[in-house]
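Here is a brisk report on one structure.

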Amino acid sequence: MLTAENFKKLPLEEQVTTLLGQGQELLERIYIYYVVKLYFLEDFYVEIWYQQTTNRIDKVIVVQLDD
């Protein structure tokens, strides 16, 4: 079982591959220049910050339930 702490230690490319392959997309929102997608993976939530103008993922963030 993959934990949030183990997920954070993965390289960015592996985080994205794991998330897109195993995660469940829950919602999408626009924030300034980013499309922010929220995923559920195992027992935690993760956001992908995708910048459309440069066509790249800038951030992958494990979201705390308080956020």
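Glu5 and Lys8 form a salt bridge, with their closest N and O atoms 3.4 Å apart. A salt bridge here is a side-chain nitrogen of Lys or Arg within 4 Å of a carboxyl oxygen of Asp or Glu. Both residues lie in helix H1, three residues apart, about one turn of the helix. Helices (H or I, at least four residues) and strands (E, at least two) are DSSP runs, numbered from the N terminus.

This is a predicted model: local features need pLDDT of at least 70, side-chain atom pairs count only at pLDDT 80 or more, and totals for chains, interfaces and linings use all residues. Residues are numbered from 1 along each chain as its sequence is written, and side-chain values use heavy atoms, leaving out hydrogens and water.

The structure holds five salt bridges. Among them are these:

| Pair | Closest N and O atoms |
|---|---|
| Glu5 and Lys8 | 3.4 Å |
| Arg29 and Glu47 | 3.1 Å |
| Asp58 and Arg56 | 2.6 Å |

Arg29 lies in strand E1 and Glu47 in strand E3, so their pair ties together parts that are 18 residues apart in sequence. Glu47 is buried, with a relative accessible area of 13%. Arg29 is partly exposed at 34%. Buried means under 20% relative accessible area, exposed over 50%, and partly exposed in between (1.4 Å probe, protein chains only). The side chain of Glu47 also makes a polar contact with that of Trp49, at 3.0 Å. Such a contact is a pair of N or O atoms within 3.5 Å; within protein, one must be able to donate a hydrogen and the other to accept it, and residues adjacent in sequence count only if both atoms are side-chain atoms.

Helix H2 spans residues 12-22, and its buried residues are Gln15, Val16, Thr18 and Leu19. Seen down the axis of H2, they fall within an arc of 165°, so they line one face of the helix. The arc is that of the directions from the helix axis to the C-beta atoms. On the other side of H2, Glu13, Thr17, Leu20 and Gly21 are exposed.

Tyr39 sits in strand E2 (residues 34-41). Is Tyr39 buried or exposed? Tyr39 is buried, with a relative accessible area of 6%. Beyond its neighbours within four places in sequence, its contacts (heavy atoms within 4.5 Å) include Leu19, Leu20, Phe44 and Ile48.

Ile32 lies in the loop between E1 and E2. Ile32 counts as exposed, at 61% relative accessibility.
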